Amino acid sequence: MEFAIKASGFSAIFFVFAIFFFVFSTASEFIFEKMDFVEFLTSPEWYPTSLSNKRYGTLALLAGTVSVTGLAMLIAVPLGLGSALFISEFTSGVVKEGLKITIELLAAIPSVVWGFIGLAVMNPLIIEVFDAPIGLNVLNGGIILGLMSVPIMTTIAEDALKAVPDSYREASLALGATRWQTAHKVLFPAARSGLLAAVLLGVGRAIGETMAVLMATGHAVQIPGSPLDSVRTLTATIAAELGETAAGSDHYQALFAVGVLLFLLTFGVNLAADLIVRGRSAR
Amino acid sequence: MVSASPMIEVENLSVNYAGKPALDQLTLDVRRNEILAVIGPANSGKTTLLNCINRMIETIPSASVSGTVKVDGHNVAEYRDPSLLRRRIGMVFPLPVGLPMTVYENVTFAPRMAGEKDRTVLDETVQRCLKQSALWDEVKDRLDDLGTRLSGGQQQRLTIARALSLNPEILCLDEFSIAVDPVTTMKIEEVLKELNENMTIVVVTNLVLQAKRLAHRTALLLRGKLVEVGDNEVIFSRQTADARTFQYVQGLFG
Ligand SMILES: Nc1ncnc2c1ncn2[C@@H]1O[C@H](COP(=O)(O)OP(=O)(O)O)[C@@H](O)[C@H]1O
Ligand SMILES: [Mg+2]
């Protein structure tokens, strides 16, 4: 039994390293021999299939990811933290349990279903409401991703609020603070690092999401000028193009380099979340 | 001492937690400007009584309350906003709860939540309350330290300072000395005697001798019922109205 647990623990670590090693080694020839670092990171031109003028700039893709993720967070942070606060502080008993289960069910909706909602519901709605030429854009992807990130944020944030000792609530209320003041002035500061971790995990979730953004954001590789512009994210690019490249080709390797970039990005976000949580428990 | 009506009037107060009785038909007055001690073994309902006075009992979903509590002649149930009631009653808990903020912010928390923004008023409040709680000399250079950095005894005095910040008419303390060293306990007892000049004080204590030292009158609770309340001269004599009071005070049970 002990052996089985150890083995599964080590294999999990092994697989993480193996995956990173595979991605990195596939991309390494491209990264170290063919790629122009400056172009890769600063050029918005991604023309991997052009015959005369191949370009491997990821700036537009990065801008796509950042804009969709940023908009998603504008939606997810207030919704996620707000519902965590509501569930933790303003409900009890059956209502509380019911809401928690509902939120967890939301987390279980497959991302392709969210993408489908983006395509079939949001797309015509955005065209209608904003008079946009196309409804598959930053706004659509941001809303869908935002809603997708709400459950994980709510769950983690609710845990963080629950971890605040009841004695803080009692002391604050007994001093004549209202429940809102208590939440705002005592609970939020006390749970600050846990709430930040919740937000960062939501960000990580949004950056790494592929299927829903692939379906909801359109496909134009460009730095968006407005939320109604169509964009392409890092993940969507990999998903859309990898199947059509020959293994070992420059394009194929370039997509793996995009994968490395994505990996570093999500790794950075998760590491930040982790350090924050650790910082809290160390105190 | 102008008005003769009691500061707190508890009448037929009963509390159940999920059907389990904690207070049973309790009737008890707290006179203006007295120190009333409430003694009794663990689980006799002392904390529950305090929670009914400032309506913190409502924050416990399983609790159901019947009977009335009046503060200064007004039924506490009639406050539309319980915050307004709680601002009139300072409350000190058994274990010091430094809110996760600085000493200064701890003491000014209640006034700030009540809408006070004037920095000079807040500065004065900090000085007054920390002096009243005999903490000023020890922390006057540490006002911007986290409250939780203070020693246990200092933290308990900080919570007393905090409880005084809105100039309450009533101060309730729930077994305040449970986590405090004897020297600090004595300091706090001196503080309470001074505060008593213009404040009504209810001290819940598990220390019979503390009740004897500190209070004018003492009430004994037993399993949610009032056994006896009376002047300390009576409660701590052989002439108690109820034999159980004598036994409890003598340490024969509990
Ligand atoms: N939050 C609560 N939920 C359920 N039962 C409680 C709660 N608080 C107190 N009780 C019960 O009510 C009774 C009185 O408790 P309490 O007022 O805390 O007594 P004391 O302060 O004298 O020790 C005890 O039996 C206790 O177990
Ligand atoms: Mg108690």
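In this predicted model, helix H3 (59-90) and helix H9 (192-208) of chain A each supply at least two residues of the lining of the second largest cavity, and H3(A) gives the most to that lining, with 3 residues. The volume of the second largest cavity is about 30 Å³, and among the residues that line it are Thr65(A), Val68(A), Thr69(A), Ala206(A) and Ile207(A). By class, this lining divides into 5 nonpolar, 4 polar and 1 charged residues.

The shell around ligand 1 includes Tyr17(B), Lys20(B), Pro41(B), Asn43(B) and Ile60(B), and its residues divide into 5 nonpolar, 5 polar and 2 charged. Strand E2 (20-30) and helix H1 (46-53) of chain B each supply at least two residues of this shell, with H1(B) giving the most, 3 residues. An oxygen atom of ligand 1 lies 2.4 Å from an N or O atom in the side chain of Thr48(B), an oxygen atom of the ligand is 2.8 Å from an N or O atom in the side chain of Lys46(B), and an oxygen atom is 3.0 Å from a polar backbone atom of Gly45(B). Of the 560 Å² of accessible area that ligand 1 has on its own, the protein covers 68%.

Technical notes
Residues numbered from 1 in each chain as written. Chains lettered and ligands numbered in written order. Predicted model: local features only at pLDDT ≥ 70, side-chain atom pairs only at ≥ 80, totals over all residues. Heavy atoms only, no water. Near = heavy atom within 4 Å. Polar contact = N/O pair within 3.5 Å; in protein donor to acceptor, adjacent residues only side chain to side chain. Areas by Shrake-Rupley, 256 points an atom, 1.4 Å probe, with all protein chains shown as cover. Helix = DSSP H or I, 4+ residues; strand = E, 2+ residues; numbered from the N terminus. Nonpolar A, V, L, I, M, F, W, Y, C, P; charged D, E, K, R; others polar. 1 Å grid on protein atoms, 1.4 Å probe; cavity = no way out; pocket = protein on both sides within 12 Å on 5 of 7 lines; lining within 4 Å. Points joined across faces, edges and corners; volume = space filled by probe spheres on them.
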